[in-house]
Amino acid sequence: QKGLALRSRMQSSIDKLNLQLSGVRSDLAKNQNEFRRSRAELEDKERVEVALKRGQAELKKNVAKLREQLAAREKECKVREAEQAMLEKAYGQQKAALAE
């Protein structure tokens, strides 16, 4: 009978430990899932960050290119304005010469 009682107590202890182990396994599975989700979110954020940096670099290049084009067009406009002023002056002189 002592053996039976000891066996019963041991089985009860084993059952408690199994129950605790089951809880630990459940917590571990939850933690692993949370870790995977967090890692996936971090990887997504890192991909977005890399894409954003690439986009910013591309934007800076485009802005620089547009500034160069604008500067070239401004020079072109000044040259054409000077040409137009010379043509208007020549026209005015010819008109005056014809009027005489």
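By about how much are Glu-76 and Arg-80 separated in helix H1? They lie four residues apart in that helix, which puts about one helical turn between them.

## Basis of the report

This is a predicted model, in which local features need pLDDT of at least 70 and side-chain atom pairs count only at pLDDT 80 or more, while totals for chains, interfaces and linings use all residues. Residues are numbered from 1 along each chain as its sequence is written, and side-chain values use heavy atoms, with hydrogens and water left out.

## Salt bridges

A salt bridge is counted here when a side-chain nitrogen of Lys or Arg lies within 4 Å of a carboxyl oxygen of Asp or Glu, and the count by this rule is five. Among them is the pair Glu-76 and Arg-80, whose closest N and O atoms are 3.7 Å apart.

Glu-49 likewise pairs with Lys-53, with 3.8 Å between the closest N and O atoms, and these two residues are four apart in helix H1, or about one helical turn. Asp-44 and Arg-47 form a further salt bridge at 2.4 Å, N to O; they are three residues apart in helix H1, which covers residues 2-99 (helices are DSSP runs of H or I, at least four residues, numbered from the N terminus).

## Exposure of the partners

Relative accessible area, computed with a 1.4 Å probe on protein chains only, defines buried as under 20%, exposed as over 50% and partly exposed as in between. On this scale Glu-76 is partly exposed at 43%, whereas Arg-80 is exposed at 53%.

For the other two pairs described, Glu-49 is partly exposed at 46% and Lys-53 is exposed at 53%, while Asp-44 is partly exposed at 39% and Arg-47 is exposed at 52%.
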